[in-house]
Each structure stands twice: as C-alpha cells, then as structure tokens.
Amino acid sequence: MRFDVVTLFPEMFPGYLSQSILNKSIEAGLIDVRLHDLRDWSKEKHKNVDDRPYGGGPGMVLMVEPVVECVESIRSERPLARTILLTPQGEKLTQRKVESLSDNEDFIFLCGRYEGFDQRVVDILQPEEISIGDFVLNGGEVAAMVLIDTLIRMVPGVLGDENSSIQDSFSSGNRMLEFSQYTRPREYRGFSVPEILLSGNHGKIREWREQESLKRTKERRADLLPSVESSDKDIEPRNKK
Ligand code: 6GU
C-alpha cells in the first residue's frame, strides 16, 4: 500500500513512521509513505503557499496552484491513486469506511491547514473528503496519520497475527468492545487477576471473556449492539434519539 502525503509540515511524520509496526512494514516493502512538501510547489519568491481570502475574513487560504500541480504530478506516477482531502467538512471515518478504502493500493492524502483550501482545489481534483470525528484539529496531518494507521492494519502481513484486525472491535461482524486483559503479577496492591484466567480451562475462559465484552459494551457503547431497527450487516452506531 502506498501513501503520497501532501503537507506543509512533512516534519510531523518521521516520528510516527518510525513506530515499530509501521517501520517493519516499510522495511518489508508492504507500505511506502512519500511526503510532499507543498512549499516545493510554490510559485512565489518567498515560497508562500497561502494568501488572504477574497471577500475578507480571518485566516489564510491555501492557494490552488501548488496543490493542484503537486497532486497532478503524483497522479501521473500513480494513476489509480484515491485522492483524499482531510477536512472536518468530510464524511466521518468509521471502521466500515476504512474497510472499503482498503481495497485500494495507492492513496494521495491532502492535509489542510489555516482556513482551508481554495475551493478550486476541490473543484479541479475532486478528492473524497474525510473527517476523523466531530472536533477540530489544527490541520489534516494528524488525521492523515490516523487514516494511515487504520489502513495498514488491513494489509496482509502488517500485523503479526493475520487474524487480529478481523477480531478488532468495530470490524465487520464484530461490534463488541475488548474484554479486560491481565499479565504478571497475579496480585498487586490487593487487586488480583480473576481466578478463571489461571484455571487453564479454555472453554470457561472464552465464555468469561465473551461475557466481559458484552457487559462492557452494554455499559459503555450500547449503541453498538444489534437492535430491532438495525440489520446484522450494519456496523454503524444507531443514531441517538
Ligand atoms: Cl481531517 N482535519 C481537521 N483540521 N480537523 C478535523 C479533521 C480533519 N477531522 C476531524 N477534525
């Protein structure tokens, strides 16, 4: 899977990219992340890529030319890439959306800053617009990392255990939160590991974990549980009344 990331702040990425799962996948050739500094595409003497909005108002707007020309040059090399603009105006990201995107091999991510892009970036490039939730970030970079992080989990070989992304909470066919996990020591400050986990009875352990998951999901995220109104295929949370 390949990601071409267009950003004003490429220096935000190397720390994230050096994290173990990701770094191993990059070295194994499963994942390729290329960073494109928008400033390299500026036509201005001082490498500016933003300007004041026509019509007035606060903030700065990213100019159309550097963005369009940078993306077009990436597209000429990766003609099948899916172009995604990270913006709070976009479709909200869910695990189902991640799964549907994960069929693609190539992605171009546009990270916005300031008051956003000149609208003609969207008119000309026609990217898909994605938001990672109902809150405001200072820019699309962190959102692009979130999207990379979720997508690479779908690439065969990236996770040690081939099954683990399928078992994740929120993956298709699984809308349970995770059960509690314990490791050594058996007792700490009067808090003990549940006896059942030490029993060696794998049937009973599986049963206990299923109950734990269900209890936790009921308490914290009842909206994830199947209901009369939602079909089994529907993994989106039900709308709250
Ligand atoms: Cl993708 N960008 C920004 N700036 N804020 C966000 C977001 C994206 N998703 C949620 N908030």
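## Model and conventions

The model is predicted; local features need pLDDT of at least 70, side-chain atom pairs count only at pLDDT 80 or more, and totals for chains, interfaces and linings use all residues. Residues are numbered from 1 along each chain as its sequence is written, and side-chain values use heavy atoms, with hydrogens and water left out.

## Chain

The chain has eight helices and nine strands (DSSP runs numbered from the N terminus: helices H or I, at least four residues; strands E, at least two). Its C-alpha trace spans about 70 × 45 × 40 Å along the principal axes. Of the 241 residues, 41% count as buried (under 20% relative accessible area, 1.4 Å probe, protein chains only).

## Largest pocket

A pocket is an open set of points on a 1 Å grid over the protein atoms alone, where a 1.4 Å probe fits, with protein on both sides within 12 Å along at least five of seven lines; lining residues have an atom within 4 Å of a point. The lining of the largest pocket consists of 25 residues, and Leu86, Thr87, Pro88, Gln89 and Gly116 lie nearest the centre. Strand β5 contributes the largest share, five residues.

## Serine 131

Serine 131 sits in strand β7, residues 128-131, and is buried, at 4% relative accessible area. A polar atom of its side chain lies 3.1 Å from the backbone oxygen of glycine 133.

Leaving aside residues up to four places away in sequence, serine 131 touches Thr87, Pro88, Gly90, Glu91, Lys92 and Leu93 (contact: heavy atoms within 4.5 Å).

Methods
Buried means under 20% relative accessible area, exposed over 50%, partly exposed in between (1.4 Å probe, protein chains only). A polar contact is a pair of N or O atoms within 3.5 Å; within protein, one must be able to donate a hydrogen and the other to accept it, and residues adjacent in sequence count only if both atoms are side-chain atoms.
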